[in-house]
Amino acid sequence: MQLTLGPVLYNWQPEQWRDFYFRIAEEAPVDTVVIGEIVCSKRTPFFTEHMPVAIERLAACGKQVVLGSLILASLPRERRQMAELAANTDFMVEANDLTCLGSLAGRSHAIGPFVNVYNEAAAAYFAGRGAKRICLPPELSMDSIRTIATALPEVTTEVFAFGRVPLAISARCYHARLHKLSKDNCRFVCEKDPDGLPVATLDGEPFLAMNGVQTMSHACANLLGEIEDLDKAGVDALRLSPQRCDMVAVARIFRDVIDGRRSHEDGMRELARIYPDAPFANGFVHGQPGAVLVTNELRADSRVRQPQMQDVV
């Protein structure tokens, strides 16, 4: 089973962003790295200078580089940007929005977790158009994952395995609105929350996290304990989504558990130490609400429970 590092979803300082990828290139036991600004096109100019050197370092260290597209392309300049990205033939492109699929048709490409591939028919459609990798949406249950993975053994099936879960994208910027700014004059206030802005309910309970135009979970997905079952289901790769923690250490823990050098219980304890800012959750894969953490004692029950509509809303 391979490991994929997903794109940085947050607005990090450019030099920190660059140094993060330099360290990933040299130290992290990941096979594939998806890179690029996929959340907000306004952030792209900050990383333009560092993108070529980061890609060069990753490739030189043996990582497969995949270029990520925007999740939501709504402006003419964003559509042009996606067309330019799709025209790149040096690296595989990951489509996170249907906008660039027309330009990618017939070429090898990847499908990101933001495209709704909920069944084997949808996966087969994209595979027929040239998709070689498909990262499934994080809200799928194990049964759905197994059905898709076994139906298309020639496609690399990937599952979102670590990080705050991306839930929704909007044309409206929540960070700008909170600070009484317009989206066009946001002053990039999202950089103040490099791991997302916590959102609580009226009762003060942690609920979500905001990342500019993106809504994310408060809990951090963690499928370390499901690695064996995912392997049996035919999953080829696990995606680790960057958080403000030691992602090299996170990747090493996942690699050790995959290779049998470490128990998942020991790995979970170490992950909790590395990233204490959010509770862990694995509910979706067990057909339960996404914020739930299914423990060993509950796994047998979760395997027979069918997913309910409210679990994926």
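Buried means under 20% relative accessible area, exposed over 50%, and partly exposed in between, with a 1.4 Å probe and protein chains only. The model is predicted: local features need pLDDT of at least 70, side-chain atom pairs count only at pLDDT 80 or more, and totals for chains, interfaces and linings use all residues. Residues are numbered from 1 along each chain as its sequence is written, and side-chain values use heavy atoms, with hydrogens and water left out.

**View 1. Helix α7, residues 142-151.** Helices (H or I, at least four residues) and strands (E, at least two) are DSSP runs, numbered from the N terminus. Met142, Ile145, Ile148 and Ala149 of α7 are buried. Down the axis of α7, these buried residues fall within an arc of 135 degrees (taken from the directions from the helix axis to the C-beta atoms), so they line one face of the helix. They pack against α6 (120-128), β6 (131-136), β7 (156-169) and α9 (227-232); contact means heavy atoms within 4.5 Å.

**View 2. The largest nonpolar core.** A nonpolar core is a set of buried Ala, Val, Leu, Ile, Met, Phe, Trp, Tyr and Cys residues joined through side-chain atoms within 4.5 Å. This core has 88 residues, and those with the most contacts inside it are Tyr21, Ile24, Phe162, Leu238 and Phe254. Helix α10 (residues 247-258) gives the largest share of the core, nine residues.

**View 3. Surroundings of Phe254.** Not counting residues up to four places away in sequence, Phe254 touches residues including Leu3, Ala161, Phe162, Asn222 and Leu271. Leu238, another residue with the most contacts inside the core, is also touched by Phe254.
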